[in-house]
Amino acid sequence: HGFYNGTYARFGDPQATVTIHDRPDFHARSHYDIRNILDSEGMEDTFLLIDEKTPELDAIWLVKPTSYSRAEEEDEQPGDVIHHPGETFTLWHGHIRTADVPTLAVIWSIGCGDLTETLYSEDYHPYDPHDPQDRPINLTIDWADPQVAGSEWGHAYLTATSGSEVEWSTDIALRQEFSPEPPAVARLTAEAARESGLRQYWSYQERIIPPGGSVSLTAPYDTESPIWPIGFPDDDPSEPAMASGARFRADRRPSQDELLLISTTQQRAQENVLQAKCRRVELQKAGDR
């Protein structure tokens with residue numbers, strides 16, 4: 001349920017999806033050994049691990065690539081890390097509350113902090129790769145709370161038609177909400193937002209698109225809209241796992257690499273939303289101290 005809520009899967013466009021594999025050859029092996037096995041198989045990216053403590057702690061492990069671990073060695077200062085005999089590198093991995101994994105993975109991907117910085121701030125310093133981390137990283141955010149889902153945390157990325165479904169503004173006060181300041185901002189019309197299960201929200205635009213053209217936008221979910229199912233789909237077999245019927249094409253949130261392939265307008269809008277999430281995480285952590 002935690003991962004479902006943390007990805008906003010209720011709204012039909014999860015910000016992250018996972019495929020679960022049960023590898024018997026991984027049972028009883030260390031994370032260091034699993035990392036080496038996957039590297040040898042050509043799977044060198046970040047991966048998640050479920051272990052016997054997941055049900056108890058509601059947390060899963062995020063294991064960084066070997067390349068990340070080796071890069072950290074270059075900045076390592078005396079006393080930062082505990083090294084263990086027989087290990088050729090220090091594996092960096094974090095035990096994270098399940099619901100927080102999607103958001104942390106996204107904001108880390110844009111350079112808003114990283115696993116190392118977060119572990120140090122959670123008092124895991126010096127870092128010991130063998131530490132069970134029984135105090136998982138926790139953003140203390142209730143992802144099932146409608147007020148959270150309807151804030152900048154929960155945004156749909158979509159494409160709509162200029163003129164009939166999108167309204168524009170060049171008001172200086174609205175433009176100054178963004179950095180750098182755009183020449184214009186746009187949002188769904190009230191009718192289009194209501195019929196799509198979204199709320200109106202001004203998005204960064206590099207230029208005004210003529211009527212009939214496609215506009216890339218972001219908008220918060222309207223958590224009270226009848227479009228969206230309520231509850232976790234497994235609670236009721238008749239409940240759809242994902243909503244259908246929203247008017248606009250929802251664009252899957254891209255990975256960092258894919259950001260290079262989308263329009264600069266949409267990239268700027270996504271970066272503004274992710275930076276807002278980044279600021280919320282920093283404020284949340286400061287308030288918890």
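Visitor: Which strands does helix 2 lie across, and at about what angle does helix 2 run to strand 1?

Guide: This is a predicted model, in which local features need pLDDT of at least 70 and side-chain atom pairs count only at pLDDT 80 or more, while totals for chains, interfaces and linings use all residues. Residues are numbered from 1 along each chain as its sequence is written, and side-chain values use heavy atoms, with hydrogens and water left out. Helix 2 lies across strand 1, strand 2 and strand 3, and runs at about 145° to strand 1. Helices (H or I, at least four residues) and strands (E, at least two) are DSSP runs, numbered from the N terminus. Contact means heavy atoms within 4.5 Å. Axes are lines fitted to C-alpha atoms, for helices over the stretch in contact, and angles run from 0 to 180 degrees between N-to-C directions.

The sheet itself is open, with three strands in the order 1-2-3 and antiparallel pairing. Strand 1 (47–49) and strand 3 (93–97) are at the edges with a single partner strand each, so one side of each has no neighbour in the sheet. From one strand to the next, the twist averages 30°. Two strands pair if DSSP finds at least two bridges between them; strand 1 and strand 2 (residues 59–63) pair in the antiparallel sense over three bridges. Leu-48 stands opposite Leu-62 in strand 2.

Helix 5 (residues 101–109) also lies across strand 1, strand 2 and strand 3, running at about 130° to strand 3.
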